[in-house]
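Here is a short briefing to read alongside the model. Please keep the structure open as you go through the points.

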Amino acid sequence: MADIGSFLFSHPLDPALIISKQLTKSDLEGNVKLPKQQTESVLMRMGGVTAYELQNGKEVVVSDLVEGDEYTVTLRCLNNTAYYFGDGWCTMKHSLDLEEGETLKLYWYQDQKIFVILNFKHTVL
């Protein structure tokens with residue numbers, strides 16, 4: 001994973017590959033609803049993701065470079081209108097100790113086909 005960190009530090013990040021979400025109480029009590037426009041922008045660049053896959057759930061990996069952890073979460077779409085992380089989100093949110101009002105910022109790293117967490121409480125990438 002060291003090459004991901006060096007990439008993030010040495011290249012400007014494409015805003016079209018970033019999903020940023022200020023967490024609400026409902027995001028932390030259930031599944032996190034993702035911003036539609038940002039999620040669709042990332043999906044276009046992921047390639048090969050179908051509406052059928054999203055309705056049934058597409059597993060994606062989210063990498064925490066600071067702690068060296070990886071989470072597998074299920075990206076879903078409800079009625080072609082609402083995107084959210086389902087299975088795996090509970091483990092991820094508790095492990096990251098996320099709180100209401102914090103912003104979760106994810107970057108789709110195309111080379112390895114994973115999301116990378118861009119924000120941390122004590123470290124900024």
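Leu78 stands opposite Ala82, a residue of strand S5. This is a predicted model, in which local features need pLDDT of at least 70, side-chain atom pairs count only at pLDDT 80 or more, and totals for chains, interfaces and linings use all residues. Residues are numbered from 1 along each chain as its sequence is written, and side-chain values use heavy atoms, with hydrogens and water left out.

**S4 and S5**
- Strands S4 and S5 (residues 82–85) pair in the antiparallel sense, with four bridges between them; strands here are DSSP runs of E, at least two residues long, numbered from the N terminus, and two of them pair if DSSP finds at least two bridges between them.
- The hairpin of S4 and S5 has three residues between the strands, and Asn79 takes a positive phi near 55 degrees there.

**A look at Ala82**
- Ala82 has 16% relative accessibility, so Ala82 counts as buried (under 20% relative accessible area, with a 1.4 Å probe and protein chains only).
- Beyond its neighbours within four places in sequence, Ala82 is in contact (heavy atoms within 4.5 Å) with Lys33, Arg76 and Cys77.
- Lys33 is 49 residues from Ala82 along the chain, and their C-alpha atoms are separated by 7.0 Å.

**S3 and S4**
- Strand S3 (residues 58–64) runs antiparallel to strand S4 (residues 69–78), and seven bridges join them.
- One of the residues to look up here is Lys58, whose bridge partner in S4 is Leu75.
- Four residues lie between the strands in the hairpin of S3 and S4, where Gly68 takes a positive phi near 80 degrees.

Conventions. Buried means under 20% relative accessible area, exposed over 50%, partly exposed in between (1.4 Å probe, protein chains only).
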